[in-house]
Amino acid sequence: MLRFIGRRLVQMFFLFLLFLTLLFFLLDAQPGDITSQFLDPTIPAEIRAQLAERLGLDGSVWSRWWNYMTNFLTGNLGLSFQQYPRTVTDVIAERIPRTLFLFTFATLLSYVLGFALGKRLAWRRGGFSEHAVTISGVLLYTVFYPWFAIIMILIFSSGLGWFPINGFLTPELWRNAPFTGNEVFGQMILSLVIAGLILVAGSYFSRRQQERRPAQIIRLVGYGSAILFMTIFWALKPEMRPFASNILHHSILPVVTLALVAFAGVMLLTRGSMLETLKEDYILTAQAKGVPERDIRDKHAARNALLPVTTSFVLGLAFIIGGGIITETVFSWPGMGALLLTSIVSEDIPVAIGALAFTGVLALVAHLLVDILYAVLDPRIRIQTGN
Amino acid sequence: MVTQEKRPEAEVEPVEQIVEALWRVRLRLAWSGFKRNWKLFAENKIGLMGLGIIIFFVLLALAYPVMRTWGPWQDGTIYDPVIGYDAPVEDFEIVETEAEVLDPDTQMDAFTAQLWCFGAVAGDTCSIPLQPAPPGNGHILGTDPLGRDIASQLTFSTRAAFMLGLIAALVTVVVATTVGSIAAFYGGWIDSFFMRLADLVLLMPLIPILIVMSGLWEVTLPRLGVLIGILSGFGGTAIVLKSQALSVKVKPFIDAARVSGGSNMHLIFKHIVPNVLPLSFLYMMFTVTEAVSLEAVLSFFGLLNVNMSWGLMLQTAQTQGYLRTGLEFWWLLIPAGVAVTLLAAGFFFVGRAMDEVVNPRLRSR
């Protein structure tokens, strides 16, 4: 397993270099550079040439490429044009946690919901409810996403007033706050990750039980301890709580909107994969043996149908990342997606490359995680890599 | 079945006639194959619904030239989707102060009136053009914030959406079928090169890449179609079509064709590609869905160089500040959004139903 991960990490590194090279050429080919775009047009030509020489812009494409790659690998991504004295790494580091939060939450929510609904959908094929859910699923999948997000805002923020219209926090509340937004946000993510790990451990141990009763007890203990952990964690930080709840309140609508759109794709995929699994002989055998319907669905069919869905995660990844950009823009959620769009529109090239590179890293890491998950889920792959 | 019925007739005919009617035989076979597949397709009600949606949009696209040439929209520039302007004028009676305004629909105070009619005093009449005008007054769906007819914009954009979808789908099919067939036929390093390329393309999220492209270069609709086609043709579609081509490659008729002296190109384009095509038509449908949504998203962000499109209609409403005001200006919000969603969904429904025709494992029996 470790060797497998190691090999994949090396592959990932080279793939990332290739990706970065592609990005560099893509953005290098765009018309104009810093010396012609952002400076006073009346600057004499020799000063312009001097500047280009000092910035290494006068060389060939390959020398510029080499400069960029070496700089990138030593952690120097340049300065932002738009927020001038700040470095790109600084700008990106501020935004990363917010995007990761949105992305992770929406992905988990959509996969859990989509899988649970998709397997039920395949099970009662042909009924009216199946048609209704399939049609609404496809409509959600193909919905014009920014428009859908605006409709959600209209309904839940402007109409019902349950959530703030947009933004990441309420500025009035934070004016004299003793923390920065990202400090509170970091604590929130930390607590959520630990609680999530407790839940995963609980469900892992409960799955290993043969009997129904101890499995249920272990699962309940898992839920209980996760809730207990959250209560204790936030009870110890009374002064941070109102700020955390403020951020949480802002994050619900974007997360739910993104998850709703992404979930439809997962649901349709699970349905297709489940339909194929239901044609297998072992399902017929299980039915002939008189195994309860629910056990056939959940233990025989759904677990095998999970494999193609896991592989498709990589395909859905681009969808969620793209959706993330739209979500962040429509909800004014100041993450990487909004950063990418604003930097492109204002031609802030260093930030744009940085944000795109981050998107590539996110895709690569998620790809790796899925591969590991796949190896865990599918014993055939585990045996192959183990030897 | 069809050939069995015709056989007795064919035996009594002279040989020359049979040779001449070869195209007819092919046509008949294609027709019977089409009928068989249509039967399978028609079993799927959702697929039929998708087809209905597409036909509806075809009619909508035809409505624009028809209405402009013969219909009620021939009237000059009022109904032009881009430069047309028409606003119903509302007359307001001007009164001295705000307190004297009894009916806000017909009266306004002198101070507010300065915004529209500079220098007006009490007793004058001020005419204000109503710019996002509600439906009525010759505009079936009202006008947008710039006074342009929404219905004509909607029908005009339908044609553009179809054109974009067609270009993207054709490019995808040509690229993906060629790449998939060649990779499957030659195998070896050609195969690994194209498959690693596909992995790389899959890894790159399409929306950010297209945002970059359209932010820095001038991207028009045909160019966007080609871009989407290339990106999706070298990506996931190529992988799927390659696996299909692999299963065709090992069929006996390929060996037979090779033994009878067919060149590699002949084998690929005469024998493998025609057998991969049904599956690639399926992926055409999904590409159209993708292209329609992507175009809408990009023009919603104002990144495309287009005259008029559904995304642009929403962008106009958004930048003029009419989108977040609730459903008061519903004619700016609903038609364009529903059109994008429905057209994309229509092609997706058809694609899914075709999937059940092409892939027997998904059928209900």
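This is a predicted model: local features need pLDDT of at least 70, side-chain atom pairs count only at pLDDT 80 or more; totals for chains, interfaces and linings use all residues.
Residues are numbered from 1 along each chain as its sequence is written, and chains are lettered from A and ligands numbered from 1 in the order in which they are written.

**Entry: chain A as a whole**

I counted 16 helices and zero strands in chain A, where helices (H or I, at least four residues) and strands (E, at least two) are DSSP runs numbered from the N terminus. The C-alpha trace of chain A spans about 85 × 50 × 40 Å along its principal axes. Of its 387 residues, 31% are buried; a residue is buried if 20 or more other C-beta atoms, placed from the backbone, lie within 10 Å of its own, exposed if 12 or fewer, and partly exposed in between.

**Entry: the domains of chain A**

I then read off domain 1 (2–73) and domain 2 (93–178 + 239–386) of chain A, whose centres, taken over C-alpha atoms, are separated by 33 Å. Their contact takes eleven residues from domain 1 and 14 residues from domain 2, two residues being in contact if their C-beta atoms, placed from the backbone, lie within 7 Å. On the domain 1 side, helix H1 (residues 2–28) of chain A gives the most, with ten residues.

**Entry: Gly167(A)**

I found Gly167(A) in the loop between helix H7 (145–159) and helix H8 (171–174) of chain A. Is Gly167(A) buried or exposed? Gly167(A) is exposed, because 12 other C-beta atoms lie within 10 Å. Leaving out residues up to four places away in sequence, I saw that Gly167(A) touches His250(A) and Ser332(A). Gly167(A) and Ile247(A) are 80 residues apart in sequence, yet 9.3 Å apart in space from C-alpha to C-alpha.

**Entry: helix H4 of chain B**

I followed helix H4 (residues 45–69) of chain B, which has 25 residues and reaches 36 Å from its first C-alpha to its last, close to the 36 Å expected at 1.5 Å a residue; the expected span is 1.5 Å times one less than the number of residues. At Ala63(B), shortly before the proline Pro65(B), H4(B) has a kink of about 30°, the bend being the angle between axes fitted to the seven residues ending there and the seven starting there. The buried residues of H4(B) are Gly47(B), Gly50(B), Phe57(B), Leu60(B) and Tyr64(B), and they pack against helix H3 (22–42), helix H6 (150–186) and helix H14 (330–358) of chain B.

**Entry: the largest nonpolar core**

A nonpolar core is a set of buried Ala, Val, Leu, Ile, Met, Phe, Trp, Tyr and Cys residues joined through C-beta atoms within 7 Å. The largest one holds 161 residues, and Leu340(A) and Val340(B) are among those that touch the most other members. Its largest share, 18 residues, comes from helix H12 (residues 264–300) of chain B. Apart from neighbours within four places in sequence, I listed the contacts of Leu340(A), including Ala352(A), Pro208(B) and Ile211(B).

Key
Domain bounds come from an automatic or database domain assignment.
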